[in-house]
Structure formats: structure tokens, C-alpha cells
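Student: Before we look at anything in detail, could you take me through how the terms used for a structure are decided?

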Amino acid sequence: MSEQMPSTGQPEPQKEAPDLTTELREMGQQLEALFRAFIESERAKQMQATVAKSVQDLAAAVRQTAEKIQSDPRFQQVEDRGRQALERARESQVFHDVQEALVTGLEQINAQLHKLVEKLETERAAAAQTGQGGEANPPVEHVPLEAPATGETRKLEE
């Protein structure tokens, strides 16, 4: 590659390579400044007020519609039929089979997630010991299989 020579006959000084980290940081700062300026602007405040009023109007309309539906005798009939259908479904073998399949599938997914978490924790610990971790990584929360995050799972027929 040949260096370009200006008319003075001397080689042009090399430009420093752009630093991706610096540029990304700068872009983040600019986006933050833009966001703050927008949030503090009068137009944003007007938009917030408009959205708040619209949400209130929507909530009032939904509440009114729900009250009308609940007072309609046809709704009561539909609700009763739905309860009866649900009771019949709970008593069927298909319902129990589907429930068992779902529980088994979720158990398998949880076991695989548990293995993945353990693997990632092991890799992170190894990287930290060899000094290849770079910046400090936040700790990965270990969720034991014995303590489900969603609480007790109960069958629906209870």
C-alpha cells in the first residue's frame, strides 16, 4: 500500500484507528442526553397527559362494559355452561394425560436449565481463576431444583 503524498512531497500522517468502545460510549451518552431532553420537553409532558387521559377513558369504558355484561342473564348462562364444561374436562382421562405430559415436559426443561446454569457457573469460575474474566461478571443466581421459583405445583383436580 502506498502512502499518499500531499503536494509538499511529505507523507501524510497516519490517522489513529477509531476506538469502538469510545464511540459506543459516546453514542450511549448522546442517546441518554436525547432521551432526557425529550422527557423534559413540553411536548413529552403533553403526550404524557394525553396518554394518561386516554388510559382513564379506556378504563372507564371497560368498567362500564363489564358491568353491562355481568348484569346480562345470557352471560350468567354462558358462565354456568363454562363451569360445567370445565368440570367435565377435569374428570376426563385426556385432561389428566395432558396435565401429566406438561408436568413431565416442564421437569425436563428445568433439569436442562439447571445443567446449563451449572455449566455457565463452572466456566465463569474457571475464567476468574485464570484471570480471563475481564470485567467482573454479576453472579449467576443458582436456583435449586428442590425449590421451584413459582411455588408449589398442584394438580387441577384438587
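Tutor: Let us begin with one residue, keeping in mind that this is a predicted model: Glu 79 has a relative accessible area of 28%.

Student: Why is Glu 79 called partly exposed?

Tutor: Buried means under 20% and exposed means over 50%, and since the value for Glu 79 is 28%, Glu 79 counts as partly exposed.

Student: What makes the pair of Glu 79 and Arg 83 a salt bridge?

Tutor: The rule asks for a side-chain nitrogen of Lys or Arg within 4 Å of a carboxyl oxygen of Asp or Glu, and the closest N and O atoms of Glu 79 and Arg 83 are 2.9 Å apart, so the pair meets the rule. Both residues lie in helix α3, four residues apart, which is about one turn of the helix.

Student: How do you know that Asp 80 also forms a salt bridge with Arg 83?

Tutor: Here the closest N and O atoms are 3.6 Å apart, and because the cut-off is 4 Å, this pair counts too. Asp 80 and Arg 83 are three residues apart in helix α3, and Glu 79, Asp 80 and Arg 83 are linked in a network of salt bridges.

Student: Why are Asp 80 and Arg 83 described as partly exposed?

Tutor: The relative accessibility is 39% for Asp 80 and 49% for Arg 83, and partly exposed covers what lies between buried, under 20%, and exposed, over 50%, so both residues receive that label.

Student: What makes Arg 36 and Glu 32 a salt bridge?

Tutor: Their closest N and O atoms are 2.8 Å apart, and since the rule requires a distance within 4 Å, the pair qualifies. Arg 36, at 48% relative accessible area, is partly exposed, as is Glu 32, at 40%. By this rule the count comes to five salt bridges.

Student: Why is helix α3 called roughly perpendicular to helix α4?

Tutor: The axes of α3, residues 73-91, and α4, residues 93-130, come within 5 Å and cross at roughly 70 degrees. Angles of 65 to 115 degrees count as roughly perpendicular, so α3 is described in that way relative to α4.

Student: Which residues meet where α3 and α4 are in contact?

Tutor: Ala 89, Arg 90 and Glu 91 in α3 meet Gln 93, Phe 95 and His 96 in α4. By class, this contact has two nonpolar, two polar and two charged residues.

Definitions and conventions: Residues are numbered from 1 along each chain as its sequence is written. This is a predicted model: local features need pLDDT of at least 70, side-chain atom pairs count only at pLDDT 80 or more; totals for chains, interfaces and linings use all residues. Side-chain values use heavy atoms; hydrogens and water are left out. Axes are lines fitted to C-alpha atoms, for helices over the stretch in contact, and angles run from 0 to 180 degrees between N-to-C directions. Helices (H or I, at least four residues) and strands (E, at least two) are DSSP runs, numbered from the N terminus. Angles under 35 degrees count as roughly parallel, over 145 as roughly antiparallel, 65 to 115 as roughly perpendicular and the rest as oblique. Contact means heavy atoms within 4.5 Å. Ala, Val, Leu, Ile, Met, Phe, Trp, Tyr, Cys and Pro count as nonpolar, Asp, Glu, Lys and Arg as charged, and the others, Gly among them, as polar. Buried means under 20% relative accessible area, exposed over 50%, partly exposed in between (1.4 Å probe, protein chains only).
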